[in-house]
Amino acid sequence: MKLNPAPFAQIRSAAKTIELRLYDAKRRQIAVGDTICFTNTADADQTIAARVEALYLFPSFEELYRSLPLLRCGYTAETVAQASSADMERYYPPERQRRCGVVGIELSLL
């Protein structure tokens, strides 16, 4: 999976342990125990391998944001108060969320 530089750095440092994605056909193939290789979109030579520890399925990011610990989803103590499920709409419009659902992928670094 590709990651922008900021979330890539957060996963690499273990500050972010849950990656949020649309639960599309590609993500439906992921199972607990799988290994995911993340690639930095700014430098394809930078990769991270992580083990899937859990999958959290929701019908929308709105419900995911109410249920999962956002400090593990890429927000910081400084930004979590402003966290909004609308943040994910720039990547995944509400129509796609309704059609596919969404997933929080809990990771541990390898």
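**Labels and the values behind them**

Author: Gladly! Let us start with a salt bridge, the one in which the side chains of Asp24 and Arg27 meet, at 3.2 Å from N to O. Please keep in mind that this is a predicted model.

Reader: What makes the meeting of Asp24 and Arg27 a salt bridge?

Author: The cut-off is 4 Å between a side-chain nitrogen of Lys or Arg and a carboxyl oxygen of Asp or Glu. Asp24 and Arg27 are at 3.2 Å, N to O, so the pair qualifies. Both Asp24 and Arg27 are buried.

Reader: How many salt bridges does the structure hold?

Author: There are eight. One of them joins Glu53 to Arg51, with the closest N and O atoms 2.9 Å apart.

Reader: What separates Glu95 and Arg98 in helix α3?

Author: They are three residues apart in helix α3 (residues 94-100), which means about one helical turn lies between them. Glu95 and Arg98 form a salt bridge, their closest N and O atoms being 3.5 Å apart. Glu95 is partly exposed because its relative accessibility is 43%, while Arg98, at 60%, is exposed. Salt bridges with shared partners also link Lys16, Glu19 and Arg21 into one network.

Reader: How do you know that Cys100 is in no disulfide?

Author: A disulfide needs two cysteine sulfur atoms within 2.5 Å. For Cys100, the nearest cysteine sulfur is that of Cys73, and it is 19 Å away. A search of the whole structure finds zero disulfides.

Reader: Is Cys100 buried or exposed?

Author: Its relative accessible area is 17%, and the limit for buried is under 20%, so Cys100 is buried. Cys37, in contrast, counts as partly exposed because its relative accessibility is 43%.

Reader: What makes β1 and β2 edge strands?

Author: The five strands form an open sheet with mixed pairing, in the order β1-β3-β4-β5-β2. Each of β1 and β2 has a single partner strand, so one side of each lacks a neighbour in the sheet. Helix α1 (residues 5-12) packs on this sheet and touches β1, β2, β3, β4 and β5.

Reader: How do you know that β3 pairs with β4?

Author: Pairing takes at least two bridges. Six bridges join β3 to β4 (residues 43-58), and these strands run antiparallel, so they count as paired. Thr39, for instance, has Thr47 as its bridge partner in β4. A hairpin of two residues connects β3 to β4. On its other pairing, β3 meets β1 (residues 2-3) in the parallel sense over two bridges.

Reader: Which face of β3 is covered?

Author: Ile36, Phe38 and Asn40 make up the covered face, and Thr35, Cys37 and Thr39 the uncovered one.

Reader: Which residues have the most contacts inside the largest nonpolar core?

Author: Those are Leu20, Phe61, Leu64 and Tyr65, in a core of 15 residues. Both β2 (18-22) and α2 (61-67) supply at least two of its residues. Apart from it lies another core, of 14 residues, including Leu3, Tyr23, Ile30 and Val52.

Methods: Residues are numbered from 1 along each chain as its sequence is written. This is a predicted model: local features need pLDDT of at least 70, side-chain atom pairs count only at pLDDT 80 or more; totals for chains, interfaces and linings use all residues. Side-chain values use heavy atoms; hydrogens and water are left out. A nonpolar core is a set of buried Ala, Val, Leu, Ile, Met, Phe, Trp, Tyr and Cys residues joined through side-chain atoms within 4.5 Å. Buried means under 20% relative accessible area, exposed over 50%, partly exposed in between (1.4 Å probe, protein chains only). Helices (H or I, at least four residues) and strands (E, at least two) are DSSP runs, numbered from the N terminus. Contact means heavy atoms within 4.5 Å. Axes are lines fitted to C-alpha atoms, for helices over the stretch in contact, and angles run from 0 to 180 degrees between N-to-C directions.
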